[in-house]
Structure formats: C-alpha cells, structure tokens
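Try each task before reading its solution.

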Amino acid sequence: MGRPVLKRLKSFFSAEDGATTIEALLWLPLFIGMLAATVDVSLIFNAQSRILGIVQDVDRAYSVGRFENDEDTMARLRALLPYDETTYTIDTQVTDGIIETRVTIPMSELVATGLFTRVLNMDLTVHDYRYMES
C-alpha cells in the first residue's frame, strides 16, 4: 500500500499539467483590465453619439421655430437626456443667427466599471452649431 501512494505523489509533484494555470492566473488581471477599459470607452462613445443626436434634433426644431427661445430649447433637452439633471450642464444661445448648444457631463456618469480614475475626472462636452432658418 505504501508504494502506490508514493508513486502517485511522485507523479503528482513531477507533472507539469497545471503549469499553464499559473501563467493564466498572472495574466488574468491584465485581460480583465483591458475588457473593463473597452467597455468604458465604448459606453462613453455611445453616450456622446446619443447626446449629439438629441442636441441636433432639438436644435433643428429650434431653428425652424418649434421653440420660441433658449429656455424652451434647454427645457426640451433636459426632458430628453437620460441622465440626472444635477450632473450635467446645458447652454443654448443664439448669436448672429447661429444656434450654439453645449452639453457637458462628467464621464463618471457614463462609465460602467469606474476603474480608471483619470477618465472619471474628465468631462464630455458635446457642441452643436446650426443656422436659424427664416
């Protein structure tokens, strides 16, 4: 009974079957970090695209006369943007017949993981410029 147990222990300690497991375990945090970065950057680009589309639609409505003033335009933007009103700023103004709208939101509102603090301290700003139509 002693020899088979010793033989099994010897083969267990000399086997290299699990050697790749250790290497994979060392690389796993890097891959998870890359995945998290990819997810966060994708969410930021998606949010930028959605916000820009909303701002362009509202500015177009303002340019053709569906809104009477800047305050109505900003109120419509607040109603359409899917974020907490206390986290972003909106500014719409008309200068020389050109509508300028700016939406600024912290990137911390847009990401899922929050692992990258440098990104979380920055703001995403979306601008739209449009001529008033008569």
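**Exercise 1.** Find which residues Asp40 touches, leaving out residues up to four places away in sequence.

*Solution.* Start with contacts, meaning heavy atoms within 4.5 Å: Asp40 touches Val111, Ala112, Thr113, Gly114, Leu115 and Phe116. This is a predicted model, where local features need pLDDT of at least 70, side-chain atom pairs count only at pLDDT 80 or more, and totals for chains, interfaces and linings use all residues. Residues are numbered from 1 along each chain as its sequence is written, and side-chain values use heavy atoms, with hydrogens and water left out.

Next, look at two of these neighbours. The Asp40 side chain reaches the backbone nitrogen of Ala112 at 3.0 Å. With the side chain of Thr113, the side chain of Asp40 makes a polar contact at 2.4 Å (N or O atoms within 3.5 Å, one able to donate a hydrogen and the other to accept it; residues adjacent in sequence count only if both atoms are side-chain atoms).

**Exercise 2.** Which side chain of opposite charge is nearest to Asp40, and how far away is it?

*Solution.* First place Asp40: helix α2, residues 19–63. The nearest side chain of opposite charge is Arg50, 12 Å away. Asp40 has no salt bridge (a side-chain nitrogen of Lys or Arg within 4 Å of a carboxyl oxygen of Asp or Glu).

**Exercise 3.** Find the residue in β2 that is the bridge partner of Asp91.

*Solution.* Begin with strand β1, residues 89–95, which pairs with β2 in the antiparallel sense over 7 bridges. Pairing requires at least two DSSP bridges between the strands. Then move to Asp91: the bridge partner in β2 is Arg102.

Note on methods:
Helix = DSSP H or I, 4+ residues; strand = E, 2+ residues; numbered from the N terminus. Buried < 20%, exposed > 50% of the residue type's maximum accessible area, 1.4 Å probe, protein only. Lys, Arg positive; Asp, Glu negative; His and termini not counted.
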